[in-house]
Amino acid sequence: MARFIIGLEEVIRALFAGEGEAFAGRMAAWPPDIQDHALALSQPSPSEERS
């Protein structure tokens, strides 16, 4: 299903480049629930923050 999402490659590139604003901005055409879920998954987990 994800391969049909508009701009997926650009969003992933921004994510792995650490470009948070570009990551969020490039998802503008996505459905809001998918944007919210992707943003939540992109955040470090509490256990990762303690390291």
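The model is a predicted one. The protein holds four helices and zero strands, and its elements follow the order α-α-α-α from the N terminus. Its largest pocket has a volume of about 200 Å³.

**Overall composition and surface**

- Of the 51 residues in the protein, 16% are buried.
- The protein has an accessible surface of about 4,100 Å², and carbon and sulfur atoms account for 58% of this area.

**The largest pocket**

- The lining of the largest pocket consists of Leu 8, Val 11, Ile 12, Leu 15, Phe 23, Trp 30, Ile 34, His 37, Ala 38, Leu 41 and Ser 42.
- Two elements, helix 1 (8-16) and helix 3 (32-42), each supply two or more residues to this lining.
- Helix 3 makes the greatest contribution to the lining of the largest pocket, with five residues.
- Classified by residue type, the lining comprises nine nonpolar and two polar residues, and no charged residues.

**The nonpolar surface patch**

- Ile 12, Leu 15 and Phe 16 make up a nonpolar patch on the surface, and together they have about 310 Å² of accessible area.
- Among the members of this patch, Ile 12 and Leu 15 also belong to the lining of the largest pocket.

**Leu 15**

- Leu 15 is located in helix 1.
- The relative accessibility of Leu 15 is 34%, so this residue counts as partly exposed; that class lies between the buried limit of under 20% and the exposed limit of over 50%.

Conventions:
Residues are numbered from 1 along each chain as its sequence is written. This is a predicted model: local features need pLDDT of at least 70, side-chain atom pairs count only at pLDDT 80 or more; totals for chains, interfaces and linings use all residues. Side-chain values use heavy atoms; hydrogens and water are left out. On a 1 Å grid over the protein atoms alone, a cavity is a set of points where a 1.4 Å probe fits but cannot get out, and a pocket is an open set with protein on both sides within 12 Å along at least five of seven lines; lining residues have an atom within 4 Å of a point. Grid points are joined across faces, edges and corners, and a volume is the space filled by probe spheres set on the points. Ala, Val, Leu, Ile, Met, Phe, Trp, Tyr, Cys and Pro count as nonpolar, Asp, Glu, Lys and Arg as charged, and the others, Gly among them, as polar. Buried means under 20% relative accessible area, exposed over 50%, partly exposed in between (1.4 Å probe, protein chains only). Accessible areas come from the Shrake-Rupley method with a 1.4 Å probe; for residues, only the protein chains shown count as cover. Patches are made of residues with over 30% relative accessible area and no salt bridge: like charges are joined within 9 Å, nonpolar side chains (Val, Leu, Ile, Met, Phe, Trp, Tyr) within 5 Å. A salt bridge is a side-chain nitrogen of Lys or Arg within 4 Å of a carboxyl oxygen of Asp or Glu.
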